[in-house]
Amino acid sequence: MATKKAAKTAKTAMDCVKIARDAKRPHVWDFINGICDDFEELHGDRLVNDDAGMVAGFGTVTGGGAEYKVLVLGHHKGASVEENMASNFGMVNPDGYRKAMRLAKLAERFRNPIVTFVDTPGAYPGREAEERGQAEAIAKSLEFFAGLRTPVVVVVTGEGGSGGALAIAVGDKVLMMENAVYSVISPEGCAGILWRDGAKAPEAAEALKITAPDLLRLGAIDEIVKEPAGGAHKNGRAAVAAVKKSVLAALKELVKLPPDELVERRYAKIRAYGNFYK
Amino acid sequence: MGWFEPKAEKPKIPPAKALWAICPKCKSHMDKAVWKKNNCICPKCNYHGRLSARERIAQVADEGTFAEVFREVSYSDHLKFHDATGDYKSKVEATIAKTGENESVVMGTCEIGGHKAMLGVMDFAFMGGSLGSGTGERIARACEQAIAERRPLVIFSASGGARMHEGILSLMQMAKTSAAIGRLKDAGLPYISVLTDPTTGGVSASYAMLGDINVTEPKALIGFAGRRVIENTIHQKLPDDFQSAEYLEKHGFIDKIVERAEMKAFIAKMLG
Ligand SMILES: [Zn+2]
(Lines give C-alpha, C1' and ligand atoms only; values in the text may rest on other atoms or scores of the structure.)
Protein backbone atom coordinates (compact mmCIF):
# COMPACT_ATOMS: atom_id res chain seq x y z
CA MET A 1 0.00 0.00 0.00
CA ALA A 2 1.38 3.35 -0.99
CA THR A 3 0.81 5.17 2.26
CA LYS A 4 2.69 8.38 2.85
CA LYS A 5 4.94 6.74 5.44
CA ALA A 6 5.87 3.83 3.17
CA ALA A 7 6.73 6.20 0.33
CA LYS A 8 9.03 8.14 2.62
CA THR A 9 11.04 5.07 3.63
CA ALA A 10 11.03 3.34 0.25
CA LYS A 11 14.70 3.83 -0.34
CA THR A 12 16.39 1.16 -2.45
CA ALA A 13 19.65 -0.47 -1.44
CA MET A 14 21.35 1.30 -4.34
CA ASP A 15 20.03 4.67 -3.08
CA CYS A 16 21.83 3.90 0.16
CA VAL A 17 25.01 2.98 -1.72
CA LYS A 18 24.94 6.38 -3.43
CA ILE A 19 24.34 8.23 -0.17
CA ALA A 20 27.01 6.19 1.61
CA ARG A 21 29.52 7.22 -1.07
CA ASP A 22 28.48 10.88 -1.17
CA ALA A 23 31.61 13.01 -0.85
CA LYS A 24 29.69 15.53 1.27
CA ARG A 25 29.08 13.00 4.01
CA PRO A 26 31.16 13.59 7.13
CA HIS A 27 34.46 11.75 6.80
CA VAL A 28 36.96 10.53 9.34
CA TRP A 29 38.40 13.95 10.24
CA ASP A 30 34.91 15.39 10.76
CA PHE A 31 34.23 12.63 13.25
CA ILE A 32 37.60 13.01 14.95
CA ASN A 33 37.30 16.78 15.27
CA GLY A 34 33.67 16.60 16.32
CA ILE A 35 34.15 13.86 18.89
CA CYS A 36 37.65 14.33 20.33
CA ASP A 37 38.89 17.42 22.16
CA ASP A 38 42.63 17.10 21.71
CA PHE A 39 43.38 14.57 19.00
CA GLU A 40 47.00 13.78 18.24
CA GLU A 41 47.68 11.82 15.07
CA LEU A 42 50.43 9.18 15.12
CA HIS A 43 52.11 7.68 12.12
CA GLY A 44 53.72 4.57 10.74
CA ASP A 45 53.76 0.80 11.05
CA ARG A 46 57.43 0.68 12.23
CA LEU A 47 58.14 -1.66 9.34
CA VAL A 48 58.08 0.03 5.96
CA ASN A 49 55.55 2.79 5.65
CA ASP A 50 52.95 5.23 6.86
CA ASP A 51 49.65 4.58 5.13
CA ALA A 52 47.63 7.78 4.76
CA GLY A 53 44.55 5.64 4.10
CA MET A 54 44.41 4.75 7.78
CA VAL A 55 44.25 7.57 10.33
CA ALA A 56 45.35 6.69 13.85
CA GLY A 57 45.88 8.67 17.03
CA PHE A 58 44.87 9.36 20.60
CA GLY A 59 42.27 11.82 21.80
CA THR A 60 39.81 12.52 24.59
CA VAL A 61 36.08 12.03 24.29
CA THR A 62 34.09 13.98 26.86
CA GLY A 63 30.38 13.88 27.57
CA GLY A 64 27.69 12.69 29.96
CA GLY A 65 29.92 13.55 32.90
CA ALA A 66 32.65 11.18 31.76
CA GLU A 67 35.96 11.50 29.98
CA TYR A 68 37.63 8.76 27.96
CA LYS A 69 41.17 8.72 26.57
CA VAL A 70 40.69 6.75 23.37
CA LEU A 71 42.60 5.49 20.38
CA VAL A 72 40.85 6.42 17.17
CA LEU A 73 41.37 4.41 13.98
CA GLY A 74 39.66 5.23 10.72
CA HIS A 75 39.73 4.86 6.98
CA HIS A 76 40.66 8.11 5.31
CA LYS A 77 39.08 8.66 1.89
CA GLY A 78 40.28 12.24 1.67
CA ALA A 79 38.40 15.51 1.18
CA SER A 80 40.30 16.80 -1.86
CA VAL A 81 41.80 15.29 -5.00
CA GLU A 82 45.29 15.47 -3.44
CA GLU A 83 44.07 13.74 -0.30
CA ASN A 84 42.16 11.15 -2.34
CA MET A 85 45.35 10.28 -4.19
CA ALA A 86 47.53 10.21 -1.08
CA SER A 87 45.13 7.94 0.76
CA ASN A 88 44.03 5.80 -2.21
CA PHE A 89 40.41 6.81 -1.56
CA GLY A 90 40.48 5.00 1.75
CA MET A 91 41.74 1.74 0.28
CA VAL A 92 44.25 0.64 2.85
CA ASN A 93 47.53 -1.16 2.26
CA PRO A 94 48.92 -3.79 4.64
CA ASP A 95 50.97 -1.01 6.26
CA GLY A 96 47.78 0.73 7.36
CA TYR A 97 46.39 -2.34 9.07
CA ARG A 98 49.75 -2.95 10.74
CA LYS A 99 49.84 0.66 11.97
CA ALA A 100 46.35 0.13 13.42
CA MET A 101 47.46 -3.02 15.24
CA ARG A 102 50.62 -1.42 16.55
CA LEU A 103 48.71 1.41 18.16
CA ALA A 104 45.86 -0.82 19.32
CA LYS A 105 48.42 -2.89 21.19
CA LEU A 106 49.59 0.30 22.89
CA ALA A 107 46.01 1.23 23.74
CA GLU A 108 45.49 -2.19 25.26
CA ARG A 109 48.54 -1.76 27.50
CA PHE A 110 47.05 1.37 29.03
CA ARG A 111 43.43 0.21 28.92
CA ASN A 112 42.45 2.93 26.48
CA PRO A 113 39.26 2.06 24.64
CA ILE A 114 39.37 2.11 20.84
CA VAL A 115 36.90 3.78 18.50
CA THR A 116 37.07 2.91 14.81
CA PHE A 117 35.44 4.68 11.86
CA VAL A 118 34.80 2.43 8.88
CA ASP A 119 34.52 3.96 5.42
CA THR A 120 36.33 2.20 2.59
CA PRO A 121 35.57 0.75 -0.82
CA GLY A 122 37.81 -2.17 0.19
CA ALA A 123 41.44 -3.05 0.85
CA TYR A 124 43.84 -1.70 -1.76
CA PRO A 125 44.27 -4.04 -4.72
CA GLY A 126 47.84 -3.51 -5.85
CA ARG A 127 51.10 -5.22 -6.59
CA GLU A 128 52.91 -3.90 -3.54
CA ALA A 129 49.92 -4.56 -1.32
CA GLU A 130 50.12 -8.22 -2.34
CA GLU A 131 53.90 -8.32 -1.95
CA ARG A 132 53.70 -6.93 1.54
CA GLY A 133 50.96 -9.40 2.47
CA GLN A 134 47.53 -7.80 2.19
CA ALA A 135 45.86 -11.13 2.99
CA GLU A 136 48.10 -11.70 6.01
CA ALA A 137 47.59 -8.17 7.32
CA ILE A 138 43.80 -8.47 7.22
CA ALA A 139 43.80 -12.00 8.65
CA LYS A 140 46.08 -10.92 11.48
CA SER A 141 43.88 -7.91 12.22
CA LEU A 142 40.81 -10.12 12.60
CA GLU A 143 42.60 -12.49 14.95
CA PHE A 144 44.18 -9.60 16.84
CA PHE A 145 41.08 -7.47 17.45
CA ALA A 146 39.08 -10.54 18.47
CA GLY A 147 41.44 -11.10 21.39
CA LEU A 148 42.23 -7.51 22.34
CA ARG A 149 41.80 -6.81 26.05
CA THR A 150 40.37 -3.32 25.77
CA PRO A 151 36.96 -2.12 24.54
CA VAL A 152 36.48 -1.61 20.81
CA VAL A 153 33.59 0.48 19.49
CA VAL A 154 33.10 0.33 15.73
CA VAL A 155 31.16 2.90 13.70
CA VAL A 156 30.38 2.09 10.06
CA THR A 157 29.98 5.61 8.73
CA GLY A 158 29.89 5.22 4.95
CA GLU A 159 31.04 2.30 2.85
CA GLY A 160 31.84 -0.90 4.68
CA GLY A 161 33.78 -2.55 1.88
CA SER A 162 34.45 -6.22 2.54
CA GLY A 163 37.64 -7.46 4.23
CA GLY A 164 39.21 -4.01 4.07
CA ALA A 165 36.41 -2.74 6.31
CA LEU A 166 36.20 -5.79 8.57
CA ALA A 167 39.90 -5.52 9.43
CA ILE A 168 39.04 -2.62 11.77
CA ALA A 169 35.41 -3.61 12.41
CA VAL A 170 35.77 -6.49 14.86
CA GLY A 171 34.61 -5.04 18.15
CA ASP A 172 32.38 -5.12 21.19
CA LYS A 173 29.76 -2.75 19.83
CA VAL A 174 29.24 -2.27 16.11
CA LEU A 175 27.28 0.88 15.31
CA MET A 176 26.17 1.70 11.80
CA MET A 177 24.86 4.97 10.46
CA GLU A 178 21.41 4.86 8.98
CA ASN A 179 22.51 5.35 5.37
CA ALA A 180 25.78 3.46 5.52
CA VAL A 181 26.23 0.16 3.68
CA TYR A 182 28.32 -2.84 4.62
CA SER A 183 28.90 -5.74 2.28
CA VAL A 184 30.99 -8.79 1.47
CA ILE A 185 31.54 -7.40 -2.05
CA SER A 186 30.65 -4.16 -3.81
CA PRO A 187 27.33 -4.31 -5.69
CA GLU A 188 29.25 -3.60 -8.91
CA GLY A 189 31.72 -6.40 -8.23
CA CYS A 190 28.95 -8.84 -7.38
CA ALA A 191 26.94 -7.86 -10.46
CA GLY A 192 30.03 -8.34 -12.61
CA ILE A 193 30.49 -11.88 -11.35
CA LEU A 194 26.98 -13.21 -10.80
CA TRP A 195 25.10 -11.15 -13.40
CA ARG A 196 28.10 -10.80 -15.74
CA ASP A 197 27.06 -7.16 -16.03
CA GLY A 198 28.27 -4.42 -13.72
CA ALA A 199 25.20 -2.35 -14.63
CA LYS A 200 23.06 -4.81 -12.66
CA ALA A 201 24.54 -3.36 -9.44
CA PRO A 202 21.11 -2.26 -8.13
CA GLU A 203 19.85 -5.86 -8.33
CA ALA A 204 23.01 -7.11 -6.65
CA ALA A 205 22.75 -4.46 -3.92
CA GLU A 206 19.20 -5.59 -3.20
CA ALA A 207 20.10 -9.29 -3.17
CA LEU A 208 23.17 -8.86 -0.92
CA LYS A 209 21.21 -7.14 1.90
CA ILE A 210 23.68 -4.39 2.74
CA THR A 211 21.63 -1.65 4.42
CA ALA A 212 21.69 -0.91 8.14
CA PRO A 213 18.19 -2.32 8.88
CA ASP A 214 19.03 -5.53 6.99
CA LEU A 215 22.31 -5.95 8.81
CA LEU A 216 20.66 -5.37 12.18
CA ARG A 217 18.14 -8.09 11.33
CA LEU A 218 20.95 -10.44 10.33
CA GLY A 219 22.82 -9.80 13.57
CA ALA A 220 25.90 -8.37 11.85
CA ILE A 221 25.65 -5.01 13.64
CA ASP A 222 24.38 -3.98 17.07
CA GLU A 223 22.80 -0.59 16.65
CA ILE A 224 21.73 1.94 14.00
CA VAL A 225 22.63 5.60 14.46
CA LYS A 226 19.84 7.76 13.04
CA GLU A 227 20.91 10.46 10.62
CA PRO A 228 19.47 13.97 10.37
CA ALA A 229 16.62 14.51 7.90
CA GLY A 230 17.77 13.93 4.32
CA GLY A 231 20.95 12.16 5.42
CA ALA A 232 24.29 12.97 7.03
CA HIS A 233 25.47 14.83 3.91
CA LYS A 234 22.74 17.44 4.51
CA ASN A 235 23.78 18.17 8.09
CA GLY A 236 27.20 16.85 8.98
CA ARG A 237 27.33 18.53 12.37
CA ALA A 238 24.12 16.88 13.56
CA ALA A 239 25.24 13.53 12.16
CA VAL A 240 28.56 13.70 14.03
CA ALA A 241 26.75 14.69 17.24
CA ALA A 242 24.44 11.68 16.94
CA VAL A 243 27.43 9.39 16.48
CA LYS A 244 29.19 10.95 19.48
CA LYS A 245 26.16 10.27 21.66
CA SER A 246 26.06 6.59 20.65
CA VAL A 247 29.82 6.20 21.05
CA LEU A 248 29.67 7.70 24.56
CA ALA A 249 26.85 5.35 25.54
CA ALA A 250 28.81 2.35 24.23
CA LEU A 251 31.99 3.41 26.04
CA LYS A 252 30.10 3.91 29.29
CA GLU A 253 28.81 0.36 29.15
CA LEU A 254 32.05 -1.28 27.99
CA VAL A 255 34.67 0.30 30.26
CA LYS A 256 32.90 -1.23 33.24
CA LEU A 257 33.65 -4.77 32.08
CA PRO A 258 36.75 -6.55 33.33
CA PRO A 259 39.02 -7.52 30.38
CA ASP A 260 38.33 -11.26 30.72
CA GLU A 261 34.60 -10.74 30.54
CA LEU A 262 34.96 -8.23 27.73
CA VAL A 263 36.93 -10.68 25.60
CA GLU A 264 34.54 -13.55 26.38
CA ARG A 265 31.55 -11.45 25.39
CA ARG A 266 33.21 -10.34 22.20
CA TYR A 267 34.10 -13.91 21.27
CA ALA A 268 30.56 -15.10 21.95
CA LYS A 269 29.24 -12.37 19.70
CA ILE A 270 31.62 -13.16 16.83
CA ARG A 271 31.08 -16.87 17.33
CA ALA A 272 27.34 -16.45 16.82
CA TYR A 273 27.63 -15.02 13.28
CA GLY A 274 26.14 -17.40 10.76
CA ASN A 275 23.17 -19.37 9.58
CA PHE A 276 23.97 -22.91 8.55
CA TYR A 277 21.04 -25.26 8.92
CA LYS A 278 18.92 -26.02 5.90
CA MET B 1 71.84 -32.94 -43.47
CA GLY B 2 68.45 -32.31 -42.11
CA TRP B 3 67.22 -29.80 -44.63
CA PHE B 4 64.74 -32.16 -46.20
CA GLU B 5 63.74 -34.08 -43.14
CA PRO B 6 60.00 -34.16 -42.60
CA LYS B 7 59.15 -31.82 -39.76
CA ALA B 8 57.07 -33.15 -36.94
CA GLU B 9 53.65 -31.58 -37.06
CA LYS B 10 52.52 -29.47 -34.14
CA PRO B 11 50.31 -31.66 -32.04
CA LYS B 12 46.71 -30.82 -32.78
CA ILE B 13 44.32 -30.19 -29.94
CA PRO B 14 42.65 -33.56 -29.77
CA PRO B 15 38.93 -33.59 -30.45
CA ALA B 16 38.04 -36.15 -27.78
CA LYS B 17 38.47 -33.48 -25.10
CA ALA B 18 37.12 -35.60 -22.31
CA LEU B 19 40.08 -37.96 -22.56
CA TRP B 20 42.62 -35.21 -22.24
CA ALA B 21 43.79 -33.10 -19.36
CA ILE B 22 45.22 -29.65 -19.97
CA CYS B 23 47.64 -28.22 -17.43
CA PRO B 24 46.24 -24.80 -16.47
CA LYS B 25 49.74 -23.42 -15.90
CA CYS B 26 51.80 -24.57 -18.92
CA LYS B 27 48.86 -25.57 -21.15
CA SER B 28 50.41 -28.87 -22.11
CA HIS B 29 48.02 -31.65 -23.05
CA MET B 30 48.20 -35.12 -21.68
CA ASP B 31 46.09 -38.20 -21.40
CA LYS B 32 43.69 -37.79 -18.50
CA ALA B 33 44.87 -41.15 -17.21
CA VAL B 34 48.45 -39.83 -17.12
CA TRP B 35 47.32 -36.73 -15.19
CA LYS B 36 45.39 -38.86 -12.68
CA LYS B 37 48.17 -41.41 -12.36
CA ASN B 38 50.60 -38.59 -11.62
CA ASN B 39 48.35 -37.47 -8.73
CA CYS B 40 47.09 -34.45 -10.71
CA ILE B 41 50.62 -33.05 -10.97
CA CYS B 42 51.79 -31.79 -14.35
CA PRO B 43 54.72 -33.94 -15.55
CA LYS B 44 55.99 -30.99 -17.62
CA CYS B 45 55.94 -28.06 -15.20
CA ASN B 46 55.28 -29.66 -11.79
CA TYR B 47 52.09 -27.62 -11.19
CA HIS B 48 50.20 -29.34 -8.39
CA GLY B 49 46.58 -29.56 -9.56
CA ARG B 50 43.43 -29.66 -7.50
CA LEU B 51 42.31 -32.69 -5.55
CA SER B 52 38.93 -33.40 -4.03
CA ALA B 53 38.69 -33.22 -0.25
CA ARG B 54 38.37 -37.02 -0.06
CA GLU B 55 41.41 -37.61 -2.27
CA ARG B 56 43.41 -35.27 -0.08
CA ILE B 57 42.25 -36.87 3.16
CA ALA B 58 43.25 -40.29 1.81
CA GLN B 59 46.75 -38.95 1.14
CA VAL B 60 47.23 -37.20 4.48
CA ALA B 61 45.38 -39.09 7.22
CA ASP B 62 46.69 -42.44 8.40
CA GLU B 63 44.60 -45.21 6.91
CA GLY B 64 41.35 -45.84 8.73
CA THR B 65 41.81 -43.00 11.25
CA PHE B 66 39.71 -40.22 9.71
CA ALA B 67 36.40 -39.75 11.53
CA GLU B 68 34.29 -37.01 10.00
CA VAL B 69 32.63 -34.47 12.30
CA PHE B 70 30.06 -31.64 11.97
CA ARG B 71 28.34 -33.01 8.88
CA GLU B 72 25.08 -31.75 10.37
CA VAL B 73 26.38 -28.23 9.71
CA SER B 74 25.58 -27.27 6.14
CA TYR B 75 24.35 -24.18 4.32
CA SER B 76 21.31 -21.95 4.63
CA ASP B 77 19.81 -19.83 1.89
CA HIS B 78 18.82 -17.27 4.49
CA LEU B 79 18.78 -14.38 2.00
CA LYS B 80 16.76 -16.32 -0.64
CA PHE B 81 19.53 -15.16 -2.93
CA HIS B 82 19.05 -15.32 -6.66
CA ASP B 83 20.95 -13.78 -9.54
CA ALA B 84 20.85 -13.80 -13.34
CA THR B 85 21.83 -17.46 -13.50
CA GLY B 86 19.41 -18.81 -10.93
CA ASP B 87 18.96 -19.14 -7.21
CA TYR B 88 21.57 -20.02 -4.62
CA LYS B 89 19.59 -22.93 -3.25
CA SER B 90 19.47 -24.82 -6.56
CA LYS B 91 23.15 -24.13 -7.16
CA VAL B 92 24.19 -25.56 -3.80
CA GLU B 93 21.87 -28.52 -4.14
CA ALA B 94 23.38 -29.29 -7.55
CA THR B 95 26.85 -29.02 -6.01
CA ILE B 96 25.86 -31.35 -3.18
CA ALA B 97 24.56 -33.89 -5.70
CA LYS B 98 27.73 -33.60 -7.79
CA THR B 99 30.35 -33.69 -5.04
CA GLY B 100 28.66 -35.70 -2.31
CA GLU B 101 29.78 -33.01 0.16
CA ASN B 102 27.42 -30.62 1.93
CA GLU B 103 29.88 -27.82 2.65
CA SER B 104 33.14 -26.55 1.22
CA VAL B 105 35.27 -27.95 4.03
CA VAL B 106 35.34 -31.54 5.26
CA MET B 107 36.36 -31.78 8.90
CA GLY B 108 37.40 -34.73 10.99
CA THR B 109 39.69 -36.14 13.63
CA CYS B 110 42.52 -38.37 12.49
CA GLU B 111 46.13 -39.34 12.93
CA ILE B 112 48.88 -38.08 10.67
CA GLY B 113 52.02 -40.21 10.82
CA GLY B 114 50.83 -41.45 14.20
CA HIS B 115 50.16 -37.98 15.61
CA LYS B 116 46.60 -37.08 16.49
CA ALA B 117 45.15 -34.07 14.73
CA MET B 118 42.03 -32.21 13.73
CA LEU B 119 42.04 -32.13 9.94
CA GLY B 120 40.00 -29.86 7.68
CA VAL B 121 40.17 -30.07 3.91
CA MET B 122 38.46 -27.68 1.53
CA ASP B 123 37.03 -28.83 -1.76
CA PHE B 124 37.25 -26.32 -4.59
CA ALA B 125 34.57 -28.24 -6.49
CA PHE B 126 32.06 -27.18 -3.84
CA MET B 127 30.97 -23.66 -4.89
CA GLY B 128 34.55 -22.71 -5.68
CA GLY B 129 35.56 -23.61 -2.15
CA SER B 130 33.76 -20.50 -1.02
CA LEU B 131 33.56 -19.56 2.64
CA GLY B 132 29.95 -19.79 3.78
CA SER B 133 28.37 -19.82 7.22
CA GLY B 134 28.62 -23.60 7.33
CA THR B 135 32.31 -23.55 6.38
CA GLY B 136 33.06 -21.00 9.09
CA GLU B 137 31.01 -22.89 11.65
CA ARG B 138 32.81 -26.16 10.96
CA ILE B 139 36.18 -24.44 11.34
CA ALA B 140 35.18 -22.67 14.57
CA ARG B 141 33.84 -25.93 16.02
CA ALA B 142 37.01 -27.70 14.93
CA CYS B 143 39.11 -25.20 16.88
CA GLU B 144 36.97 -25.70 19.97
CA GLN B 145 37.04 -29.50 19.75
CA ALA B 146 40.78 -29.37 19.06
CA ILE B 147 41.25 -27.35 22.26
CA ALA B 148 39.09 -29.77 24.26
CA GLU B 149 40.92 -32.84 22.93
CA ARG B 150 44.39 -31.26 22.72
CA ARG B 151 44.68 -31.84 18.99
CA PRO B 152 46.83 -29.71 16.68
CA LEU B 153 44.86 -28.28 13.76
CA VAL B 154 45.68 -28.80 10.09
CA ILE B 155 43.63 -27.10 7.37
CA PHE B 156 44.10 -27.51 3.61
CA SER B 157 42.58 -24.45 1.96
CA ALA B 158 41.30 -24.18 -1.62
CA SER B 159 38.98 -21.27 -2.18
CA GLY B 160 38.06 -18.28 -4.26
CA GLY B 161 37.00 -16.38 -1.14
CA ALA B 162 33.80 -15.51 0.71
CA ARG B 163 30.48 -16.85 -0.59
CA MET B 164 28.63 -13.73 -1.68
CA HIS B 165 25.30 -15.61 -1.94
CA GLU B 166 25.28 -15.53 1.84
CA GLY B 167 25.86 -11.78 2.01
CA ILE B 168 27.30 -10.15 5.10
CA LEU B 169 27.30 -13.37 7.13
CA SER B 170 29.85 -14.86 4.74
CA LEU B 171 32.11 -11.87 5.44
CA MET B 172 31.60 -12.39 9.16
CA GLN B 173 32.95 -15.94 8.85
CA MET B 174 36.36 -14.37 8.27
CA ALA B 175 36.14 -12.83 11.74
CA LYS B 176 34.67 -15.96 13.29
CA THR B 177 37.30 -18.36 11.95
CA SER B 178 40.17 -15.98 12.78
CA ALA B 179 38.89 -15.50 16.34
CA ALA B 180 38.61 -19.26 16.81
CA ILE B 181 42.12 -19.84 15.45
CA GLY B 182 43.37 -17.21 17.89
CA ARG B 183 41.85 -19.17 20.77
CA LEU B 184 43.45 -22.39 19.56
CA LYS B 185 46.85 -20.71 19.58
CA ASP B 186 46.21 -19.19 23.03
CA ALA B 187 45.49 -22.72 24.24
CA GLY B 188 49.02 -23.66 23.22
CA LEU B 189 48.13 -25.75 20.20
CA PRO B 190 49.80 -25.45 16.80
CA TYR B 191 47.96 -24.73 13.57
CA ILE B 192 49.39 -25.81 10.24
CA SER B 193 47.82 -24.10 7.24
CA VAL B 194 48.32 -25.66 3.82
CA LEU B 195 47.37 -23.19 1.11
CA THR B 196 46.63 -25.19 -2.03
CA ASP B 197 45.74 -23.96 -5.49
CA PRO B 198 43.91 -21.59 -5.37
CA THR B 199 43.62 -19.79 -2.03
CA THR B 200 42.44 -16.23 -2.52
CA GLY B 201 40.14 -13.46 -1.25
CA GLY B 202 38.42 -13.85 2.10
CA VAL B 203 39.94 -17.24 2.83
CA SER B 204 43.52 -16.12 2.30
CA ALA B 205 42.61 -13.01 4.34
CA SER B 206 41.47 -15.09 7.31
CA TYR B 207 42.33 -18.58 8.54
CA ALA B 208 44.51 -19.64 5.60
CA MET B 209 47.16 -16.97 6.32
CA LEU B 210 47.10 -17.49 10.08
CA GLY B 211 49.09 -20.72 10.25
CA ASP B 212 51.89 -21.04 12.77
CA ILE B 213 53.32 -22.82 9.79
CA ASN B 214 52.09 -21.79 6.33
CA VAL B 215 52.92 -24.28 3.62
CA THR B 216 51.89 -24.66 0.04
CA GLU B 217 52.45 -26.77 -3.06
CA PRO B 218 54.47 -25.85 -6.17
CA LYS B 219 52.86 -23.17 -8.38
CA ALA B 220 49.75 -22.73 -6.23
CA LEU B 221 47.90 -19.44 -6.73
CA ILE B 222 47.72 -17.51 -3.45
CA GLY B 223 46.66 -13.90 -3.07
CA PHE B 224 44.11 -11.41 -1.84
CA ALA B 225 42.86 -9.41 -4.82
CA GLY B 226 42.41 -10.96 -8.25
CA ARG B 227 45.05 -10.36 -10.89
CA ARG B 228 42.60 -8.63 -13.23
CA VAL B 229 41.26 -6.36 -10.50
CA ILE B 230 44.81 -5.26 -9.75
CA GLU B 231 45.73 -4.73 -13.40
CA ASN B 232 42.62 -2.60 -13.85
CA THR B 233 43.47 -0.57 -10.76
CA ILE B 234 47.16 0.13 -11.26
CA HIS B 235 47.31 -0.17 -15.08
CA GLN B 236 50.57 -2.01 -14.85
CA LYS B 237 51.75 -5.36 -16.09
CA LEU B 238 52.27 -7.82 -13.27
CA PRO B 239 55.13 -10.32 -13.17
CA ASP B 240 54.36 -13.77 -14.56
CA ASP B 241 54.93 -15.46 -11.22
CA PHE B 242 52.71 -12.90 -9.38
CA GLN B 243 50.77 -14.54 -6.53
CA SER B 244 52.42 -17.92 -7.09
CA ALA B 245 53.60 -20.09 -4.22
CA GLU B 246 57.18 -19.28 -5.20
CA TYR B 247 56.46 -15.52 -5.21
CA LEU B 248 54.88 -15.68 -1.76
CA GLU B 249 57.79 -17.65 -0.38
CA LYS B 250 60.18 -15.06 -1.78
CA HIS B 251 58.22 -12.27 -0.09
CA GLY B 252 58.15 -14.03 3.25
CA PHE B 253 54.60 -15.28 3.68
CA ILE B 254 55.13 -19.00 3.20
CA ASP B 255 57.35 -21.20 5.36
CA LYS B 256 57.91 -23.86 2.77
CA ILE B 257 56.79 -25.18 -0.60
CA VAL B 258 56.28 -28.90 -0.23
CA GLU B 259 55.85 -31.48 -2.98
CA ARG B 260 52.61 -33.41 -2.72
CA ALA B 261 54.41 -36.72 -2.21
CA GLU B 262 56.25 -35.21 0.78
CA MET B 263 53.34 -33.34 2.36
CA LYS B 264 52.20 -35.97 4.83
CA ALA B 265 55.73 -36.59 6.07
CA PHE B 266 56.30 -32.84 6.42
CA ILE B 267 53.14 -32.34 8.49
CA ALA B 268 53.94 -35.37 10.65
CA LYS B 269 57.41 -33.94 11.26
CA MET B 270 55.95 -30.59 12.34
CA LEU B 271 53.51 -32.32 14.68
CA GLY B 272 56.11 -34.71 16.07
ZN1 LIG C 1 52.11 -27.82 -16.56
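This is a predicted model: local features need pLDDT of at least 70, side-chain atom pairs count only at pLDDT 80 or more; totals for chains, interfaces and linings use all residues.
**Between chain A and chain B**

The size of an interface is often given as the accessible area lost when the parts come together. For chain A and chain B, that buried area is about 4,700 Å², and carbon and sulfur atoms account for 70% of it. On the chain A side, A:L194, A:R271 and A:F276 supply 14% of the area buried against chain B, more than any other three residues. The contact involves 48 residues from chain A and 61 residues from chain B.

Polar links also cross this interface. There are 16 residue pairs in polar contact between the chains, counted where both residues have pLDDT 80 or more. Several elements of chain A each give at least two residues to the side that touches chain B, among them α6 (127–131), β7 (181–183) and α13 (259–271). The largest share, 9 residues, comes from α7(A). By class, the touching side of chain A has 28 nonpolar, 8 polar and 12 charged residues.

The rule finds 4 salt bridges between chain A and chain B. One of the residues already named, A:R271, forms a salt bridge with B:E137.

**Within chain B**

Chain B is divided into domain 1 (14–47) and domain 2 (50–271). The centres of these two domains of chain B, taken over C-alpha atoms, are 24 Å apart. In the contact between them, 8 residues of domain 1 meet 10 residues of domain 2. The two domains of chain B bury about 780 Å² between them, with 37% of this area from carbon and sulfur atoms. Of the area that domain 1 buries against domain 2, 55% is supplied by B:N39, B:N46 and B:Y47, more than any other three residues.

Across this domain interface of chain B, the rule finds 2 salt bridges. There are also 7 residue pairs in polar contact between the domains of chain B, both residues being at pLDDT 80 or more. The side of domain 1 that touches domain 2 consists of 4 nonpolar, 2 polar and 2 charged residues.

| Salt bridge | Closest N and O atoms |
|---|---|
| A:R271 and B:E137 | 2.9 Å |
| B:D197 and B:K25 | 4.0 Å |

**Aromatic pairs**

Over all chains, the structure holds 8 aromatic pairs. One of them, A:W29 with A:F39, is edge-to-face, with 5.6 Å from centre to centre and 80° between the planes. A:W29 lies in helix α3 (residues 28–35) of chain A and A:F39 in the loop between α3 and β1 (40–41), so the pair ties together parts that are 10 residues apart in sequence.

Key:
Residues are numbered from 1 along each chain as its sequence is written. Chains are lettered from A and ligands numbered from 1 in the order in which they are written. Side-chain values use heavy atoms; hydrogens and water are left out. Domain bounds come from an automatic or database domain assignment. Contact means heavy atoms within 4.5 Å. Buried area is the accessible area (1.4 Å probe) that two parts lose on being put together, summed over both. A salt bridge is a side-chain nitrogen of Lys or Arg within 4 Å of a carboxyl oxygen of Asp or Glu. A polar contact is a pair of N or O atoms within 3.5 Å; within protein, one must be able to donate a hydrogen and the other to accept it, and residues adjacent in sequence count only if both atoms are side-chain atoms. Ala, Val, Leu, Ile, Met, Phe, Trp, Tyr, Cys and Pro count as nonpolar, Asp, Glu, Lys and Arg as charged, and the others, Gly among them, as polar. Rings of Phe, Tyr and Trp (its six-membered ring) pair if their centres lie within 6.5 Å; planes under 30 degrees apart count as stacked, over 60 as edge-to-face and the rest as tilted. Helices (H or I, at least four residues) and strands (E, at least two) are DSSP runs, numbered from the N terminus.
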